[in-house]
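Here are a few exercises on helix packing and sheet layout. Grab a pencil and work through each one before you read the solution.

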Amino acid sequence: MEGDELAIRQRLKTDFPHYAEKCLRIRTKTKGLKPFVLNKAQHYINERMEAQLAETGMIRCLILKGRQQGISTYVAARYYHRASMFPRKNVFILSHEMQSTEGLFDMVARYHKHNPFAPSVGTSNAKELKFDQIDSMYRVATAGHKAAGRSRTMSLFHGSEAALWENPKEHFAASVQTVPKRPGTEVILESTAKGASGLFFQKWQEAERGDGEY
């Protein structure tokens, strides 16, 4: 690559909102597929996380989300961007129920299908995409009774609807806390509210007080 093509690819790697609009497609309720243009809430989250990344070299983020803000859509796209554009990125998505897990993976499969710069896939099934030429991987799982993600080395972790996980302490220990505290690693825990109790609520309270890394 050289000249204009190199400049195009470099911007796609470094400017996520631009990449999302040019490379990713989302499904709408009435108009079929359309380019993924970040909305106000998604831009706000992106700006806050990029600021943390610039300051600390890592992302540790809690998002208490409202309805229809597209936060899961944003995080899924952010991590697909990382896994498909950069080498040796191991993404793990943990959702609260099977239906949500399948929906998140369908979304990512749609991103990949319509991406004009999609990398080569060595493995593709209902829960995994492996980009063989850049040694990156994107996996999804459901937070059931038994902790998922144990013994996996992850660099990017997305906990979806974390307040609704079964056995959250076990999942937190087996998955979230195994992401190494190294530059470029990310942990994003997002959820709608589930009352004033539980591990996600505790972590949210700590973050509000400025305690800890989130």
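**Exercise 1.** How are H3 and H4 oriented to each other: parallel, antiparallel, perpendicular or oblique?

*Solution.* First, the ground rules: this is a predicted model, where local features need pLDDT of at least 70, side-chain atom pairs count only at pLDDT 80 or more, and totals for chains, interfaces and linings use all residues. Residues are numbered from 1 along each chain as its sequence is written, and side-chain values use heavy atoms, leaving out hydrogens and water.

Step 1: get the angle. H3 and H4 pack at about 45°, and their axes are 10 Å apart (axes are lines fitted to C-alpha atoms, for helices over the stretch in contact, with angles from 0 to 180 degrees between N-to-C directions; helices are DSSP runs of H or I with at least four residues, strands are runs of E with at least two, and both are numbered from the N terminus).

Step 2: classify it. H3 and H4 are therefore oblique to each other (under 35 degrees counts as roughly parallel, over 145 as roughly antiparallel, 65 to 115 as roughly perpendicular, and the rest as oblique).

Step 3: look at who touches whom. Gln42, Ile45, Asn46, Met49, Glu50 and Leu53 of H3 meet Ile71, Thr73, Tyr74, Arg78 and Arg82 of H4 (contact means heavy atoms within 4.5 Å). That contact of H3 with H4 splits into five nonpolar, three polar and three charged residues (Ala, Val, Leu, Ile, Met, Phe, Trp, Tyr, Cys and Pro count as nonpolar, Asp, Glu, Lys and Arg as charged, the others, Gly among them, as polar).

**Exercise 2.** Now take H4 and H5, and work out what their contact is made of.

*Solution.* Step 1: H4 (residues 71-85) and H5 (residues 98-113) pack at about 50°, again with axes 10 Å apart. That makes H4 oblique to H5.

Step 2: H4 brings Ser72, Thr73, Ala76, Ala77 and Tyr80 to the contact, while H5 brings Leu104, Met107, Val108, Tyr111 and His112. By class, the contact of H4 with H5 has seven nonpolar, three polar and no charged residues.

**Exercise 3.** Which strands stand at the edges of the sheet?

*Solution.* Step 1: write down the order. The open sheet has seven strands, S3-S9-S8-S4-S7-S6-S5, with mixed pairing (two strands pair if DSSP finds at least two bridges between them).

Step 2: read off the ends. S3 (59-64) and S5 (123-124) are the edge strands, each with a single partner strand, so one side of each has no neighbour in the sheet.

Step 3: check the partner of S3. Six bridges join S3 to S9 (residues 186-191), and the two run parallel. Cysteine 61, for one, has isoleucine 188 in S9 as its bridge partner.
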